[in-house]
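Visitor: I have a model open and want to talk through its contacts. Can we start with the charged pairs?

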Amino acid sequence: MTYVFPPEPTASLPIEGSDHAFPVRRIFCVGRNYAAHAAEMGGEVDREAPWYFTKSPYSLARSGQKLPYPQGTQNYHHEVEFVVALGEGARVFGYACGLDMTRRDLQQVGKDNRRPWDLGKDVENSAVIGAITPADAFGAVTDQAISLSVSGEERQAGLLSDMVWSVPEIIAHLSGFYTLGAGDIIMTGTPSGVGPVVVGDRLTGTVNGLVPVALTLTAD
């Protein structure tokens, strides 16, 4: 078969300590997985089951880049997240630190009108993810600290133990709706303290035991 134009290369992420790359198939995001963040957004945690939204693999960006402030928004927000990367058989391959960047004003329009959040969440370069650390090297997910600073000022801070739904619970639940497998990414939600960023801001997200994620916003 000959394509009418060259297909895009497979989205991928680096693996810490390896020359191999991790091919990304899908990106799932858990909504309101930290009670304090749900409260600051004017909502509550659904304690009966986690819920999700998605980002296209074309939203993926590697850490350390200078990326343009997106078009169509006046209120672009940071959200630091603990990221789970799945391997064969939907087993956890490794973990990473990520940023779920959000056009908050467009997300709010969707909420207000009971419309999808795609314009707010599935944004080019809005899933910024650092190098994946293999699960064995990271160890058990317990009370590791997660934080984000903007141009040197801490904006978000929490613990992975603050998550309402644990990694095994999320995988088990999500598996009831999708056939999860190698290359799937799960962004597990953000602690409180989300807020706007502007051109020139330098974002650094950290999770203890993982490679930090970094982003600088530019005008174009």
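This is a predicted model: local features need pLDDT of at least 70, side-chain atom pairs count only at pLDDT 80 or more; totals for chains, interfaces and linings use all residues.

**Charged pairs, core and strands**

Guide: Arg25 and Asp184 form a salt bridge between their side chains, at 2.9 Å from N to O. Here a salt bridge is a side-chain nitrogen of Lys or Arg within 4 Å of a carboxyl oxygen of Asp or Glu. Arg25 sits in the loop between strand S2 (21-23) and strand S3 (26-30), and Asp184 in strand S15 (residues 184-187), so the pair ties together parts 159 residues apart in sequence. Helices (H or I, at least four residues) and strands (E, at least two) are DSSP runs, numbered from the N terminus.

Visitor: Which other residue forms a salt bridge with Asp184?

Guide: Arg26 does, with the closest N and O atoms 3.0 Å apart. Asp184 lies in S15 and Arg26 in S3, so this pair ties together parts that are 158 residues apart in sequence. Arg26 is partly exposed, at 24% relative accessibility.

Visitor: How many salt bridges does the structure hold?

Guide: It holds 6. One of them joins Asp100 and Lys121, whose closest N and O atoms are 2.8 Å apart. That pair links distant parts of the chain, with Asp100 in strand S9 (residues 92-100) and Lys121 in helix H3 (residues 118-121), 21 residues apart. Asp100 is buried at 0%, and Lys121 is buried at 3%. Both belong to a salt-bridge network that also links Lys55, Glu79 and Arg104.

Visitor: Arg104 is in a helix, I think. Which residues of H2 are buried?

Guide: In helix H2 (residues 104-112), Arg104, Gln107 and Gly110 are buried. Viewed down the axis of H2, the buried residues fall within an arc of 115° (taken from the directions from the helix axis to the C-beta atoms), so they line one face of the helix.

Visitor: What does that face pack against?

Guide: The buried residues of H2 pack against S7, S10 and H3, where contact means heavy atoms within 4.5 Å. Just after H2, Arg114 has a positive phi of about 55°.

Visitor: And S7 and S10, which sheet are they in?

Guide: They are in an open sheet of 3 strands, ordered S10-S7-S16, with antiparallel pairing. Strands count as paired if DSSP finds at least two bridges between them. The edge strands are S10 (102-103) and S16 (195-196), each pairing on one side only. S7 (residues 76-78) pairs with S16 over 2 bridges, and His78 stands opposite Gly195.

Visitor: What about S3, which strands does it pair with?

Guide: S3 pairs with S15 in the parallel sense over 4 bridges, and with strand S4 (residues 52-55) in the antiparallel sense, also over 4 bridges. Ile27 stands opposite Ile185 in S15, and in S4 its bridge partner is Lys55. Of the 5 residues of S3, 4 are buried, so the strand is largely enclosed by the rest of the structure.

Visitor: Switching topic: how many residues are in the largest nonpolar core?

Guide: There are 38, and those with the most contacts inside the core are Phe82, Leu99, Ile186, Val207 and Leu215. A nonpolar core is a set of buried Ala, Val, Leu, Ile, Met, Phe, Trp, Tyr and Cys residues joined through side-chain atoms within 4.5 Å. Another core, of 18 residues, lies apart from it and includes Ala11, Cys29, Trp117 and Ala127.

Visitor: You mention Cys29. How many disulfides are there?

Guide: The structure holds 0 disulfides, a disulfide being a pair of cysteine sulfur atoms within 2.5 Å. The closest cysteine sulfur to that of Cys29 is in Cys97, 14 Å away, too far for a bond. Cys29 is buried at 0% relative accessible area, and Cys97 is buried at 0% as well.

Terms used. Residues are numbered from 1 along each chain as its sequence is written. Side-chain values use heavy atoms; hydrogens and water are left out. Buried means under 20% relative accessible area, exposed over 50%, partly exposed in between (1.4 Å probe, protein chains only).
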